[in-house]
Amino acid sequence: MGDRVAEAEGTWGAPAAGTPAPPGVHAAAPDLEDLRGAAHDRAILSEARVVLARRLGVPPGEALQHLIWLARDLDMELAEAAALVVGAREQEGGAEGTGAVVAERRPPRAEGAEDRQAVMSEAEDVLRRVTAEDTAGDAEIIAGLPEDPAAGAVLDGTLDGAAHLVPVRGPDGRVADFLYARLNAVARDLFGRGAGELTGLRLLRTDPGAVLSGLFDSYVEVLETGSGMECASINYSTAQSGLSRSSRMSVRCVAVPTGICVTWRYHRDEDRQARRLERVERLALLGFGEWDLATGEADWTPQMLANYGLSADEVPPMPHDLPKVVADDDLPLVEDAVQTLFSRREPVEAEHRVVGEDGAQRHLWVFAEPVLDTAGLPVSINIVSQDITRRRGVERALAETRRQMLDQQAQTAQERRVAVTLRRAILPDEDELEPLPGLGTAIRSLAAESTARIGGDWFATRAMRNGRALFAIGDAAGHGLPAAAAMARTRNGLLGLACTEQPSGRLVGWLNELLGHMDPPATGTAVVAQFDPRRRVLEWTCAGHPPPILVRGGQAAQLEVVPDPMLGALPGWEYGTVSTRLRPGDLIFLYTDGLVERRDVDLDERIARLTGILRDSSTGPELVLDEVLARMEHDRAADDTTMFALRVE
């Protein structure tokens, strides 16, 4: 591994020409770190959402909401909470924790789709047949009808829809169809058509369902025998113009002198209410039941039976038999509730478990109330139950997840305390720095105020035996104990390698190999420099780190260089050494990204502001650092911050 050495003359702002990085190597290390951090947060959040969704038995969107609530409950950032969820899962060996019971509900299929298709097919056959019949004489039949007071009395006297139908006979004298002679004002068919649309038309052309349901044959029988017909409730379907309609309906038919009168009522509203109730029961797992204490009979809805694990043909238990289907641990609670119903005659509310045939427990919330007679005695009991197994499963899984997160949080806090202790043990105090030949030095190394953000900032100085001064600044990627450990190895490794008195590029190359072979591998950035006080030449290498800023004669600018890649990123990389000639009074300023990086501010703007502050600052290293700290308004809670100021004597 060779060294590439470039030299720049000591004019202020002169470019320090180094060997350019090859294509594909990103030179803007702070931007790269930002992108990595954001991508890492998104990846952790996505993984935590999947872990929590599997653990709770809920969709990923609902799992994300639970994660937000957990983060709020534990007073932490969402990304931190997500990391704890993932960390807790890894700590448990990849187990998903307690499993929530997923509600056994499947999306319903469209109701009656196959039946409607069959109705359409049969109705089309009927329409094809009746459409072929000759209707030329229909108008004459209607015009020739005599007065029929009986028919008028039926139509005017009913509150339901009613129609006066007169027969249309075929060549053989048999009834082929009926004509609408008159309809009352409230009459509407399933398609909403009334007297204005139906009068004078044939029954089967407008309502082929009369044939499909058998009503037409019944009408003919009433016409021919004179006996009445009544259907309390039938399921009726018909079709017209490619559309089908269905409803339960009640029908009456009586004979009148000129034909028949039909009255009907559709039960669409009642059916709609019944369907809504069934859907409410199914979606909310709600069951309704009634105990008749006088007859000893129980009337339970299908969902009520399902909640208690009973089939449709099983007899529901009466109140005193209810404890027999309840889990043993919940028997006292249920027995007390039954006693309250009968002795105190008050509504009760309780939760208990039911054990299924497979041994699985189902959690039910139950509300029951007695119905009293005039003497105040219970005659029946109304009961409502809801299967809340899924809710309890989610609550248990959330409680277990919260416990694991707290354990992980405690472990993380311990690791952070170790990281803080390790940082303090490794980095010397600012007043303990050894003098460097030919340089006046000052340093500020500020740990993040939030222990969660303590990272891998480090610095190193050494007066070498060959009379040179070695100084370096760097930042191990990440936060917490792993970053502190990587920082310790990097710094100590550099100080050990410095004894070889090799050029900076060679030292950084060795550091790159060291970080690449760590377990686990680590990455980081660094500026390693050696100053020769006799020649006043600075030889330095930049590994993905912000380059130094040179302050000279009231001007300030970054030393120009194409940074080599960050440490640990590309094994075997040959790092170059840049030479910069300095003058007495020059000030070299080095820093870590914690001084300039902000989520809501452009990085180049922050670096430009720092450069302006240095241009207008004092020449003494200590004063320079004080002024930068006062004017940069850096956020100590966000990240570590290290600054290094060296003045050429």
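**A walk through a five-stranded sheet**

Let us start with an open sheet of five strands, ordered β3-β2-β6-β5-β4 and paired in the antiparallel sense. At its edges stand β3 (175-183) and β4 (229-240), each with a single partner strand, so one side of each has no neighbour in the sheet. Neighbouring strands here are turned by 40 degrees against each other on average, direction ignored.

Before going further, a word on the model and the terms. This is a predicted model, in which local features need pLDDT of at least 70 and side-chain atom pairs count only at pLDDT 80 or more, while totals for chains, interfaces and linings use all residues. Residues are numbered from 1 along each chain as its sequence is written, and side-chain values use heavy atoms, with hydrogens and water left out. Helices (H or I, at least four residues) and strands (E, at least two) are DSSP runs, numbered from the N terminus. Two strands pair if DSSP finds at least two bridges between them. Strands of a sheet pair through backbone hydrogen bonds, either parallel or antiparallel.

Now look at the pairs themselves. Seven bridges join β2 to the antiparallel β3, and Leu-165 has Tyr-180 in β3 as its bridge partner. The hairpin of β2 and β3 has five residues between the strands, and in this hairpin Gly-173 takes a positive phi near 85 degrees. Although β3 is an edge strand, seven of its nine residues are buried (under 20% relative accessible area, with exposed over 50% and partly exposed in between; 1.4 Å probe, protein chains only). Strand β3 is therefore largely enclosed by the rest of the structure.

Further along, β5 (residues 243-256) and β6 (residues 259-266) pair antiparallel over eight bridges. Met-249, for example, has Tyr-266 in β6 as its bridge partner. Helix α10 (residues 215-225) packs on the sheet, touching β2 (161-169), β3, β4, β5 and β6 (contact means heavy atoms within 4.5 Å). The direction of α10 makes about 85 degrees with that of β3; axes are lines fitted to C-alpha atoms, for helices over the stretch in contact, and angles run from 0 to 180 degrees between N-to-C directions.

What about disulfides? With a disulfide defined as a pair of cysteine sulfur atoms within 2.5 Å, the count comes to zero. Cys-253 is in no disulfide, because its nearest cysteine sulfur, that of Cys-261, is 8.2 Å away. Cys-253 is buried, with a relative accessible area of 0%, and Cys-261 counts as buried at 1%.
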